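Work through the exercises below with the sequence and the 3D structure open. Each task is followed by a solution in steps.

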Amino acid sequence: MKTNIKSVGAITRINFTKTTWIGYLVALIGALSTYIQVLIRYVINMPGEGITSAENNLLLILILSAILIPAVNFKKIMHLNGRKIDFFWGCIFNYIILSAVLSIVILVLNKTIDKSMNSVAEIWDIIDIFGWTNNGILLALVRQFSFYLLLAVTLHTLTLIQTFWWGWVIDFFIASIISVFTPIKMLRKLLVDFFNVIIFNPNPLHHIAICLTLAVLIYSFNISILKRKKI
Amino acid sequence: MIKFSNVTKEYRNTIALDNINLELNENKIYCLLGRNGAGKTTFLKLIAGHINTTKGYVTVSNRLVSTFDMPESVNFIESRASQFNMPIGKLLNLAHSLNPDLDMDFAKDLMKKFKLDKNKKYKQLSFGMQTMFTTLLSLASRARVVILDEPVLGFDAIMRERFYEMLQYSFEYNPRIIIVSTHLIDEISRVAEDIIIIEEGSILLHSNMNDLDEKAYSLTGPTSEIKTAVKGLNVINEKTLGGYTTAYIFGDRITPASNIKLQSLGLQEFFVNIVGGGDIEDEN
């Protein structure tokens, strides 16, 4: 299947503007509500417990986009005689751009607004909790980018397979792993180790390499899914 | 160009198409007729590679069609398919970006002709105008095969007239295989050259429209004489009322006795009788 650059660009653009606006809106509302909470605490001079950082909400843009693009936009693009291979490339550009932009925005907000709000309330930001900011700004950026990309392509792939019976089997399998592994100590350790590798990894280069490799592997699976997908 | 070889399509326990064998090679406007649920849309989706066959195979230009390999030479936009809700001028540009082969001059010309306001959002258009727009996108494509599924759904009489003009104009401008699925039988007979009738998942008839004009007729007269007259003929249906019978025939014309009246059948009358009556042998 040959790719058409113009078509790939059009798909990336339409994915950024159509349907995914729901993600932007939800993220904005979430972020604003956090800022309002901090403002109220400041006005009434009542510093309390910690508060989750507003920029954590921005991840909703990525999460909702990765669900809505394959769930809603795929069919609409196909109904305009778009090509599956162009959809494949168009979407990965969406997730690369979104992951990069969110990494930058979240890091900038973390180093500016969050720091200034620390006097009012303790701000809990996932990039600090996960330890991604421990090795300098540049590595924090790349670690975020790698993980966000992995998150996006995983959600995209899981959404895309929901029209197949085996998609539901995979859902069931994932749910089973979590529910079976969690109560059994030995298996729970495997689960913890997995999350340590893809999220809490103390070695930034290892973390980046694992996330990017998994992202490439999972997304390449999409070629096979798209070929089988009915319209 | 399009070949169905022993194609069966099943949806769970329902057989939508049953062992279809058919070839469409010439550049013509083909009219696809069938009652609701006869298997028309399944037939069209298989050509476009939107779905896979259960048994057998479909080829377009000698290439096997499947969801794995959707033929680029086929353009199929379902009339009821959901579209991005944006100004249709922008939707046209998007369609052009997705298919650089789209003939934009032709599309814009058609938009003007059919008074489609490019600034109106897709969902602001009436259902008929939405269908007109998607039909226009299909006709403006330079695909070798264009499939139109119920393209006149929701059209008033004037819009239908315009649509048939547009169809004729598009075919003359760019001759290719155009398959039109419709319920408005007599109207499409003015522009279509071939007719394909699907009934309960099988091809009941594939015939040239001129042959059909010649071969589809009715004989009306006293029941006993009609019974004698139709012996050996391909009777697709019979209706009896008060000692008089009308027999609907598909086949070579006869010269009837003086008290038997012979009348040509319109396409609609033929269709109603053939799908309401018995099977006939495929003349092609």
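This is a predicted model: local features need pLDDT of at least 70, side-chain atom pairs count only at pLDDT 80 or more; totals for chains, interfaces and linings use all residues.

**Exercise 1.** Find the order of the strands in the open sheet of chain B, and state which strands lie at its edges.

Solution. Four strands of chain B make up the open sheet, in the order β2-β1-β4-β5, with antiparallel pairing. The edge strands are β2 (14-24) and β5 (63-64) of chain B, since each pairs on one side only. Next, take helix α1 (residues 40-48) of chain B: this helix packs on the sheet and touches β1, β2 and β4 of chain B. The direction of α1 makes about 120 degrees with that of β1(B).

**Exercise 2.** Identify the bridge partner of B:Ile2 in β4(B).

Solution. Strand β1 of chain B spans residues 2-11, and strand β4 of chain B spans residues 55-60. The two strands pair in the antiparallel sense over five bridges. The bridge partner of B:Ile2 in β4(B) is B:Val60.

**Exercise 3.** Classify the packing of helices α4 and α5 of chain B as roughly parallel or roughly antiparallel.

Solution. Helix α4 (residues 127-140) and helix α5 (residues 157-173) of chain B pack at an angle of about 5 degrees, their axes 11 Å apart. Angles under 35 degrees count as roughly parallel, so α4(B) is roughly parallel to α5(B). On the α4(B) side, the contact is made by B:Gly128, B:Met132, B:Thr135 and B:Leu139. On the α5(B) side, B:Met159, B:Phe163, B:Met166 and B:Ser170 take part. The residues of this contact divide into five nonpolar, three polar and no charged.

**Exercise 4.** Decide whether A:Leu139 is buried, exposed or partly exposed.

Solution. A:Leu139 is found in helix α7 (residues 137-160) of chain A. A:Leu139 has 16 other C-beta atoms within 10 Å. Buried takes 20 or more and exposed 12 or fewer, so A:Leu139 is partly exposed.

Note on methods
Residues are numbered from 1 along each chain as its sequence is written. Chains are lettered from A and ligands numbered from 1 in the order in which they are written. Two strands pair if DSSP finds at least two bridges between them. Two residues are in contact if their C-beta atoms, placed from the backbone, lie within 7 Å. Axes are lines fitted to C-alpha atoms, for helices over the stretch in contact, and angles run from 0 to 180 degrees between N-to-C directions. Angles under 35 degrees count as roughly parallel, over 145 as roughly antiparallel, 65 to 115 as roughly perpendicular and the rest as oblique. Ala, Val, Leu, Ile, Met, Phe, Trp, Tyr, Cys and Pro count as nonpolar, Asp, Glu, Lys and Arg as charged, and the others, Gly among them, as polar.
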